[in-house]
Amino acid sequence: MRELRARPWHTGTAALVAGLLLAPRVPLAVPLAALVASVLGSRAAVRLALAGAVVAGALVAQARLEAIDATRLAPRIGHAVRERVLLLDAPRARAFGVQVATVRLDGERVLLRAGRGVRWPTERVGAVLAARGGLEPLPASDAWQRARGVHAQLRADALTDTGARRGGLAGLVDGVRARAQAVLRTGVPPPEAALLRGMALGDDAALPDRTRDEFRASGLSHLVAASGQNVMLLAALVLAVAAIFGLALRARLALVLAAIALYVPLAGGGPSIQRAGVMGAAAVVAVLAGRPAARWHALLLATAVTLALNPRAVEDVGWQLSFAAVLAILLLAGRVRDGLVRRGLPRGLAEATALTGAATLGTAPLIAAHFGQASLVSLPANVLAAPAVAPAMWLAMIAVALGQLGTALAAPFVALAAFPVAYARRQRRPRRAGERSRRDGDRRVRGSGAGGDGATRAGAYRGRRSGGALPDRGAVARAQLRARGVARSHAGRRAGGDALGRVGRRPRHARRAADHLPRRRPG
């Protein structure tokens with residue numbers, strides 16, 4: 001209590017956050033929160049200010065929600081539309097060939113859905129498309145989009161690129177982003193190029209679904225999302241460059257803030273990167289102003305700003321994961337680092353391990369709740385990937401900056417960034433024991449055609465004799481079932497054919513795994 005009273009600015013920001021959080025969800029709790037906040041003040045004026053901060057946060061939240069929820073599209077839902085829409089983010093592939101993207105229709109955010117038969121004319125953000133289709137209510141599977149201000153869904157029957165682009169400051173950022181994406185694709189294999197775009201710009205649209213799932217399962221999904229790590233690495237890079245050129249303190253401060261202000265919309269402007277940008281800017285100001293970094297105040301300030309912009313930002317999964325990671329780092333990382341250093345671990349490795357471990361522990365409950373899984377390999381995977389993150393980010397950011405002047409200038413840095421990116425990509429799926437043997441067992445059967453079962457048995461028998469690893473029984477049974485299906489559709493239908501084939505004496509494990517398969521008598 002004494003420490004809270006000694007820090008009125010921290011307490012006031014926390015009271016404002018409480019009002020922003022409670023008003024949209026538990027309005028009746030706002031007076032109680034104001035009463036509790038007033039107790040934390042040391043003087044009458046401070047008590048009144050803290051209670052007023054809670055009420056002010058509640059009023060701002062209500063006003064913002066009314067503005068966000070106000071829509072002119074309700075009378076048009078259920079009717080055909082033929083309108084021009086502004087593409088706000090890159091289209092994402094979904095099941096059955098469906099692609100979705102967020103667009104702006106009549107000044108409001110709408111989810112644009114195009115089926116397999118609809119050609120998507122361009123993926124450039126800021127493009128103006130002519131859309132023909134029907135306006136529908138937002139489906140339940142996309143209800144989470146309401147937290148981002150999406151009001152309806154436009155199911156497109158046809159899309160055409162008008163060739164127009166939005167102008168103004170947003171159009172300028174769109175041009176910078178388009179050149180950055182083109183630069184990061186130059187001279188790099190597609191897998192590394194997609195991952196490089198995700199690490200530098202938070203744009204994971206080009207990543208295959210399987211790769212994205214593997215990153216999530218191994219606890220590395222934060223590498224392909226714009227987060228506070230990106231902002232702090234960017235600030236460190238800008239400060240280093242400014243120091244090399246001998247700029248004064250105020251000039252360095254202004255340059256870092258300008259870089260963060262440009263990077264937030266460049267990386268998509270989502271709730272997580274907004275929070276990261278505000279917090280990074282507050283931390284940089286505190287450090288460069290010569291005062292100790294008020295990390296807790298920076299976190300509270302970032303929370304207040306993002307909730308004031310959109311009180312539903314707290315419902316966004318990315319925002320929750322980002323906030324939980326920062327909170328856990330503030331609570332745990334310092335103690336864990338000091339303990340590891342006392343036990344003889346090098347300080348750099350102790351720092352990386354502490355940050356990774358704290359963030360992993362902080363986000364694990366949310367990942368389990370939202371995605372139904374918790375990764376046991378997250379800590380070692382993040383420690384292994386840590387040495388590649390900063391070099392890849394810095395090289396990519398330098399390439400993006402130089403790429404605005406010409407692709408040739410950026411090409412060497414993109415080529416160098418491909419090496420740490422390829423290393424980080426290999427950490428996404430740590431190999432499990434027996435994985436090679438199961439994969440090899442499946443490969444032998446898939447390549448064997450109608451004689452798949454015999455080839456599997458012969459290969460397994462040869463592996464046993466040579467002491468090599470054998471595929472497990474489940475893999476053998478699944479592979480034989482696939483081979484059985486191939487044989488029925490091809491050579492196995494011939495009279496006298498035996499789809500399973502017979503190659504020598506079957507090993508015991510292969511015979512047991514195949515006993516459940518129906519046999520065809522020789523004709």
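Ser 38 is buried, with a relative accessible area of 15% (buried means under 20%, exposed over 50% and partly exposed in between, using a 1.4 Å probe and protein chains only). This is a predicted model, where local features need pLDDT of at least 70, side-chain atom pairs count only at pLDDT 80 or more, and totals for chains, interfaces and linings use all residues. Residues are numbered from 1 along each chain as its sequence is written, and side-chain values use heavy atoms, with hydrogens and water left out.

**Around Ser 38**
- You'll find Ser 38 in helix α3 (residues 29-39); helices (H or I, at least four residues) and strands (E, at least two) are DSSP runs, numbered from the N terminus.
- Skipping neighbours within four places in sequence, Ser 38 is in contact with Arg 47, Leu 50 and Ala 51, where contact means heavy atoms within 4.5 Å.

**The aromatic pair**
- Searching the whole structure turns up 1 aromatic pair (ring centres of Phe, Tyr or Trp, the last by its six-membered ring, within 6.5 Å; planes under 30 degrees apart are stacked, over 60 edge-to-face, the rest tilted).
- The rings of Trp 319 and Phe 323 are stacked, because their centres are 5.3 Å apart and their planes are at 5 degrees.
- Both sit in helix α12 (residues 317-342), 4 residues apart, so about one helical turn separates Trp 319 and Phe 323.
- Trp 319 is buried at 4% relative accessible area, while Phe 323 is partly exposed at 23%.

**Helix α7**
- In helix α7 (residues 209-217), the buried residues are Thr 211, Arg 212, Glu 214 and Phe 215.
- Those buried residues line one face of α7, because they fall within an arc of 160 degrees seen down its axis (the arc is that of the directions from the helix axis to the C-beta atoms).
- Just past α7, Gly 219 has a positive phi of about 75 degrees.
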